[in-house]
Amino acid sequence: MKEMENNNLGDMPREDFRRYGHEIVDWIADYFERMETLPVLSQNQPGDLKNALPASAPERGENFPQIFGDVEKLILPAVTHWNHPNFHGLFSTSTSSVGVFGEMLAAAFDMKAMLWRTSPASTELEPVVLDWLRQMMNLTEDFHGIIYDTASVSTLHAVAMAREKLNLGIRENGMSGRSDLPLLRVYCSEQTHSSIDKAVVLLGLGTRALVKIPTNERFEMDSEKLREAIRDDISAGNLPLCVVATVGTTSTTALDPVDKIADICRRNNIFLHVDAAYAGSAAIVPEFQTYFKGWERADSIVTNPHKWLFTPFDLSVLYVKDLDLLKKTFSLVAEYLKVTETVTNQMDYGIQLGRRFRSLKLWFVMRYFGQEGLRERIREHCRLARAFAGWVDDSENFEMLAPVPFALCCFRAAPPTTRTFVSDELREKYIDELNERIMNEINASGEAYLSHTKLNGKFTLRLSVGSIRVEERHLRKVWDLLNEKVNNEIR
Ligand code: PLP
């Protein structure tokens with residue numbers, strides 16, 4: 001009987017949790033310190049980790065030191081270090097230490113925020129934190145925030161709201177088998193993130209609903225072309241559903257002319273969603289406000305603190321003007337979720353029932369760094385990106401390929417020796433291959449990570465500055481690597 005009482009049911013013993021918990025925090029602190037000695041991109045080959053793992057879970061529990069030992073041995077080599085200050089690919093995003101604390105506590109509480117009563121802390125902290133952020137971004141009071149995991153999901157919710165706003169009875173009757181529905185249209189630029197394509201697919205609108213408006217030489221949506229596309233659609237009997245404008249596009253951080261787009265939307269009574277997933281954080285810096293002109297006229301805006309506000313993945317914020325419309329789009333209360341109190345229940349505002357307690361980590365970040373600390377970090381990243389762009393401009397071997405409004409440089413190596421090519425076509429082909437080779441070599445070295453895009457058909461290197469740990473010396477290192485590679489090629 002005694003043995004039955006000590007039968008190891010229940011959780012890890014308290015003392016073990018305490019001991020290993022301290023060890024893990026020490027390990028994380030060491031990890032942040034030794035980060036720069038680790039290769040930025042995992043040096044593993046596909047399948048390496050999978051092949052090192054047993055095919056089934058252990059029948060009997062293992063002790064924690066053994067499990068944790070495998071983190072160092074098996075998991076760490078398979079990690080690409082997004083927190084590394086030389087992670088410049090895609091968008092350079094990183095967590096702060098204090099953000100890690102937020103995640104730890106959220107995991108400890110393990111709350112599923114669905115009803116107020118299941119999670120008063122999340123239900124009440126979230127709107128407060130998002131109102132702080134709204135004020136910091138200088139957005140008007142009529143915006144109400146809600147947290148989702150990613151911008152892709154935030155945007156999906158925004159487009160669903162726009163569809164609901166048309167009052168076509170789609171919530172009740174769906175879209176299939178209906179002859180009374182016109183072709184619904186969603187407009188965005190050629191440079192818009194693929195999450196818009198996914199949203200139209202998932203919402204049953206189909207990719208043919210999507211109208212990709214051409215961009216100008218700065219990769220900004222051509223608002224005149226938008227006006228024409230809407231006019232043509234209306235005369236053809238199609239129904240505009242929404243326009244998605246981007247402030248800070250994925251490839252180049254270009255700025256769609258939101259103010260002009262808002263004029264067009266207002267005139268035609270079209271829902272306007274602004275994708276500021278990356279650049280929204282920069283709106284907290286007063287001198288960047290000018291880039292956001294007109295976004296306060298949108299119906300919804302997405303911004304991702306997990307991208308550039310040092311908050312661990314994931315945390316995306318959708319600001320909407322019409323919270324009731326969002327609720328009308330998603331609310332569905334099953335019997336077992338009916339409650340008597342009149343309160344906000346977060347399950348009413350999206351497709352998820354249970355939601356993570358994400359606002360806690362953003363609250364930590366905002367309080368620990370303060371508005372000033374966050375502003376200064378973003379300013380510094382933009383200063384560093386401009387400095388890098390200056391080195392490119394001053395070099396005869398490299399050229400910039402897009403403006404730098406925020407902290408991303410789009411550039412390529414184009415050494416003067418290539419001018420001797422017999423045709424432009426051959427020259428461009430060689431330059432594309434050269435840049436791809438340089439990028440692959442730098443990435444394979446583990447010293448830094450760069451990614452690429454294509455601009456006007458040209459293979460373009462992208463260097464994003466956004467890690468909380470980045471300093472000028474890190475950019476110097478990349479610059480030296482780039483020059484070394486080009487010099488080796490042209491020698
Ligand atoms: N929108 C823009 C402008 C982006 O740059 C990205 C990702 O980089 C996204 C949306 C998608 O973000 P998420 O990974 O949070 O879905």
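This is a working chat about a predicted protein model.

User: Before we start, what pLDDT do local features need here?
Analyst: It's a predicted model, so to speak of local features we need pLDDT of at least 70, side-chain atom pairs count only at pLDDT 80 or more, and totals for chains, interfaces and linings use all residues. Residues are numbered from 1 along each chain, and side-chain values use heavy atoms, with hydrogens and water left out.

User: How many helices and strands are in the protein chain?
Analyst: There are 16 helices and 11 strands, taken as DSSP runs (H or I, at least four residues, for helices; E, at least two, for strands) and numbered from the N terminus.

User: And how does the radius of gyration sit against the globule rule?
Analyst: The chain comes out at 25 Å, close to the 23 Å the rule gives for 491 residues, so it is as compact as a globular protein of that length. The radius is over C-alpha atoms, and the rule is 2.2 Å times the number of residues to the power 0.38.

User: What share of the residues is buried?
Analyst: Buried residues are 51% of the 491. Buried means under 20% relative accessible area, exposed over 50%, and partly exposed in between (1.4 Å probe, protein chains only).

User: OK, cores. Which residues have the most contacts inside the largest nonpolar one?
Analyst: Trp-295, Phe-388, Phe-411 and Leu-482, in a core of 98 residues. Helix 14 (residues 359–394) gives the largest share, 15 residues. A nonpolar core is a set of buried Ala, Val, Leu, Ile, Met, Phe, Trp, Tyr and Cys residues joined through side-chain atoms within 4.5 Å.

User: What does Leu-482 touch?
Analyst: Among its partners are Phe-388, Phe-411 and Ile-438, leaving out residues up to four places away in sequence. Contact means heavy atoms within 4.5 Å. Apart from that core lies another of 35 residues, including Tyr-148 and Leu-241.
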